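Reader: I have a chain open on my screen and some questions about how it is put together. Can you walk me through it?

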Amino acid sequence: MMAKREEELKEIRAKTTEDINEEVVQLKGELLMLRLQKSARNEFKSSEFRRMRKRIARMLTVKREREIEEGINKRLSRKLDRKWKRSIVARPPPSLIKLREEEAAEEAEKST
């Protein structure tokens, strides 16, 4: 288990800060979709909540480590984080995009 976590951290550290930000946005979208599935009482894996939250936390930790290395203090980090959150454009998570594509393909098959 420990080796798997360290491997994941190496993978995250290899990414650029922009890539980390992008993936955090995607994971938060996926987390939102899981919450919607839960509220609609659809089938879902409850372990996915914890897995996604932990992955998001790891990514944000690596991001903060980089800020500390650059000498960015906590106050400035929060200010930059607020700016970044405002700049995020709302878009559907990858799983929803994939689901829509599958539904469109099924409709195309039915119409032919």
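This is a predicted model: local features need pLDDT of at least 70, side-chain atom pairs count only at pLDDT 80 or more; totals for chains, interfaces and linings use all residues.

Reader: Where does T16 lie?

Author: T16 is in the loop between α1 (2-13) and α2. The C-alpha atoms of T16 and K63 are separated by 9.2 Å, and the two residues are 47 apart along the chain.

Reader: Stepping back, how many helices and strands are there?

Author: Five helices and zero strands. Along the sequence the pattern reads α-α-α-α-α.

Reader: Is the protein spread out or compact?

Author: More spread out than a compact globule, because its radius of gyration is 18 Å, well over the 13 Å that the globule rule gives for 112 residues. Along the principal axes, the C-alpha atoms fill a box of roughly 60 × 35 × 30 Å.

Reader: What percentage of the residues count as buried?

Author: Of the 112 residues, 26%. The accessible surface comes to about 9100 Å², and 52% of that belongs to carbon and sulfur atoms.

Reader: Now the core. Which residues of the largest nonpolar core touch the most other members?

Author: I20, V24 and M59, out of the 13 residues in that core. Helices α2 (17-39) and α3 (47-70) each supply at least two of the core residues. The largest share, six residues, comes from α2.

Reader: Take V24, then. What does V24 touch?

Author: Leaving out residues up to four places away in sequence, V24 touches I56, M59, L60 and W84.

Reader: And contacts across the whole chain, what share join residues at least 24 apart?

Author: Among contacts between residues at least 6 apart in sequence, 68% join residues at least 24 apart.

Reader: Different topic. R55: buried or exposed?

Author: R55 counts as buried, because its relative accessibility is 10% and the cut-off for buried is under 20%. R55 lies in helix α3.

Reader: Which residues does R55 touch?

Author: Not counting residues up to four places away in sequence, R55 touches E8, E11, I12, K15, E23 and L27.

Reader: Last one, on charge. How many positive and negative charges are there?

Author: There are 31 positive and 22 negative charges, and their mean positions are 10 Å apart.

Note on methods
Residues are numbered from 1 along each chain as its sequence is written. Side-chain values use heavy atoms; hydrogens and water are left out. A nonpolar core is a set of buried Ala, Val, Leu, Ile, Met, Phe, Trp, Tyr and Cys residues joined through side-chain atoms within 4.5 Å. Buried means under 20% relative accessible area, exposed over 50%, partly exposed in between (1.4 Å probe, protein chains only). Helices (H or I, at least four residues) and strands (E, at least two) are DSSP runs, numbered from the N terminus. Contact means heavy atoms within 4.5 Å. The radius of gyration is taken over C-alpha atoms; the globule rule is 2.2 Å times the number of residues to the power 0.38. Accessible areas come from the Shrake-Rupley method with a 1.4 Å probe; for residues, only the protein chains shown count as cover. Lys and Arg count as positive and Asp and Glu as negative; His and the chain ends are not counted. The place of a charge is taken as NZ of Lys, CZ of Arg, CG of Asp or CD of Glu.
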